[in-house]
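Please work through each task before reading its solution.

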Amino acid sequence: MSLLLEARFLNKRFSNVDALDNVSLTVNRREILAIVGESGSGKSTLLATLAGLSPADSGHVLYRDAEGPHDIAAMDEMRLRRLQRTRWGYIHQNARAALRLDVTAGGNIGERLMMNGARDYGEIRETAARWLDEVEIGRERIDDLPMHFSGGMLQRLQIAATLVTNPELIFMDEPTTGLDVSVQARILDLIRTLVHRLHVAAIIVTHDLGVARLLADRTVVMQGGAIVEQGLTDQVLDDPHHPYTQLLVSSVLPS
Amino acid sequence: MIAYNFAYLDEQTKRGIRRALLKAVAIPGWQVPFASREMPLPYGWGTGGIQVTAAIIGQDDRLKVIDQGADDTTNAVAIASFFRRMTGVETTTRTAEATIIQTRHRIPEQALTEDQVIVYQVPQPEPLWKLIPERPVARRAHALNDYGMMYVKLYEDITRFGRVSSAYDHPVMVNGRVLMSPSPIPAFDNPKMDAMPALQLFGAGRERRLYAVPPYTPVRSLDFTDHPFHPGRADGTCAFCGSTSSYLDEIIIDDHGTRRFLCSDTDYCAGRIEEAERRAEEGGR
C-alpha cells in the first residue's frame, strides 16, 4: 500500500480553543479512513485542513503523486485548485449548499468536467447520464432541476458530480447526516460500492460509529483537537483502549 | 458662461483614465478599475464610454456616435452634440470618415481600419456576474483562469433551448486568456471583434471599469465543439436598402402586427441607398 496523503503535526487555534493539537495521520491509496469524535472535537477542521481549504497554523499536509510529495501549503493556488477539482473531491454534508439548484442535474455533473476543459456537449451529456444511472437516480432525470429532488437524491447527485472526474481521494464531511435512516443506509451502500469499484481513497468525518464500521478500513478517534486513538476500525471499535473511545463505543444504542 | 476644459474633464482626470487604458491595452480583456466621474448624463446612458472618448479625443479627431446602430437616436445625438460643444471637433455619421466611434449595442457593418478607435458603452463589465455574485470571487476566477462555470451556462442553454440562447452579450475569450463581456452587442457582431484592425476600448461608468482589445487580437466566442457559436440574424431583407446580410431591426408598422425589417446600422443603409441611386442615375443616362 502506497502513501497518498500525510499530515504531520498539524496545529490550529481558534482564539482560545485548540482545534487541532499536534495531529499526524496518513492515508494510503485505496484506503478509507474514518475520523470520529463528538461535536467540537476538531473533525471538520481537520478535514478542511487536509483538503487544503483552510490552512493550519503549523505543521504540513503532504500529498504524494508520481512526482513525489507536495506540501499543499506551498502549492500555488492555481495548481491546488486544479488538484481539488480533478484528483480530489469534497462531499459536503449539505448537498444543497454544494450543488447549483437552478442548474439541471446534467449541468451539475458536467460542471467538474467543463472546469477541467471538456468542450464537447454530447460527450459531457453522455457522461452525466451514465453517472446518473450509476448513482441510481436514472438518466431520465438529466434535465430536471435539483431543487425538485429529495434529500437522498441530492446527496446522490453530489456524489455523482464529485466522482465524475475519477478522483483518487475524496473528503466526506458527514455525508449521511441529515438524511433519514433508510436513505442513509442506501447512500452508505452506494458510497461503499463506488469507492471500492473505482479504487478511490476516502477520508470520512462522522460522529456515527456505524458509518465508520461499515465503510472504513481504519479509524481515528478525536477528542479536544487531538487524536486519542487510531487503528484498524474493527480493532478500535471492538477493543477500545482509550477511555474516551470506550465511552463513545458504549454510548451507541444497541440496535 | 462657465468655461470648461477641452472635452469637459480636467487634464488630471483624463490622464488617470489614459493610464488605466494603457494598462487595459497591455492585458487584453482585463478589467481595470478607474476613478469614474459624475458626468452630465445618468448612469446607463453611456457615462463610461463618454469618459473614455473624452480621455482620448484630440483637436483633429472626427467623432461618430451610434446607439443601436443608429446615428439619429436621442442618446447618440445628445452625446455627439456634447462633444461638439466641449471640444469643437467635427462629428460625422459616416463610419469611414470617423476616427473615433462611440457605440452602444452595435459594431458598424463597415469594417473598421487601423486608423480608427471604437469605444463601447458597457453596462456590466463582469461576464461572470450572473454565476458569481461576489466580485472578489469573480476576480479570483479571472486571475486563476477558472472559467469552467461559464460553460455550465452554455450547457444549460443548449439543454433547455437547443442552442446557446444569448442573442447579445455572448461571452468571448480574449487572446486565449481573459473571459470578457463584449458589451450588449448582438452575437451577430461578435465575429467582427476577432482580429479587428481598430483599437477597441470599453468603458463602464457605473461599475468603474475599463478594458480594451488591442488591434489584431484573437477574440473567440465561447462554444462547444459539437455546438459551434452561431451569430444570429433575423432571416429577412432590409425594406429600405434590400440588404440580406446586415443586422436587422424588426419594426411593427401598424396595429395589425405587420412587420418590416430595417438595417440597424443607419449609415450603412443610407450608403447603400445612395449607391443604388447613383447607379440608377448612371444607368438611366
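Chain B is divided into domain 1 (11-126 + 179-218) and domain 2 (233-285), with bounds from an automatic or database domain assignment. This is a predicted model, in which local features need pLDDT of at least 70 and side-chain atom pairs count only at pLDDT 80 or more, whereas totals for chains, interfaces and linings use all residues. Residues are numbered from 1 along each chain as its sequence is written, chains are lettered from A and ligands numbered from 1 in the order in which they are written, and side-chain values use heavy atoms, with hydrogens and water left out.

**Exercise 1. Describe the boundary between domain 1 and domain 2 of chain B.**

Step 1. The centres of the two domains, taken over C-alpha atoms, are separated by 27 Å. Contact (heavy atoms within 4.5 Å) involves 14 residues of domain 1 of chain B and 10 residues of domain 2 of chain B.

Step 2. Buried area is the accessible area (1.4 Å probe) that two parts lose on being put together, summed over both. For these domains of chain B it is about 960 Å², with 46% on carbon and sulfur atoms. On the side of domain 1, R94(B), E109(B) and F188(B) supply 47% of the area buried against domain 2, more than any other three residues.

Step 3. One salt bridge (a side-chain nitrogen of Lys or Arg within 4 Å of a carboxyl oxygen of Asp or Glu) is counted between domain 1 and domain 2 of chain B. R94(B) and E274(B) meet through their side chains in a salt bridge, at 3.1 Å from N to O.

**Exercise 2. Describe the corresponding boundary in chain A.**

Step 1. Chain A is divided into domain 1 (3-87 + 169-252) and domain 2 (101-166). Their C-alpha centres lie 26 Å apart.

Step 2. In chain A, 15 residues of domain 1 are in contact with 16 residues of domain 2. The two domains bury about 1,400 Å² between them, and 62% of that is on carbon and sulfur atoms.

Step 3. The count of salt bridges between these domains of chain A is one. R197(A) forms a salt bridge with E134(A), with 2.5 Å between the closest N and O atoms.

**Exercise 3. Which residues touch the most other members of the largest nonpolar core, and where does this core lie?**

Step 1. A nonpolar core is a set of buried Ala, Val, Leu, Ile, Met, Phe, Trp, Tyr and Cys residues joined through side-chain atoms within 4.5 Å; buried means under 20% relative accessible area (1.4 Å probe, protein chains only). The largest core has 70 residues, of which I109(A), I159(A), L128(B) and F224(B) touch the most other members.

Step 2. This core lies between domain 1 (3-87 + 169-252) and domain 2 (101-166) of chain A, because both give residues to it.

Step 3. Neighbours within four places in sequence aside, the contacts of L128(B) are A138(B), A141(B), H142(B), Y147(B), M149(B), M150(B) and L179(B). Another core, of 30 residues, lies apart from the largest one, and its members include M39(B), V52(B), A76(B) and L201(B).

**Exercise 4. Characterise the interface between chain A and chain B.**

Step 1. Here 22 residues of chain A are in contact with 20 residues of chain B. About 1,900 Å² is buried between the chains, of which carbon and sulfur atoms give 59%.

Step 2. Three salt bridges are counted between chain A and chain B. R85(A) forms a salt bridge with D146(B), in which the closest N and O atoms are 2.6 Å apart.

Conventions
Buried < 20%, exposed > 50% of the residue type's maximum accessible area, 1.4 Å probe, protein only.
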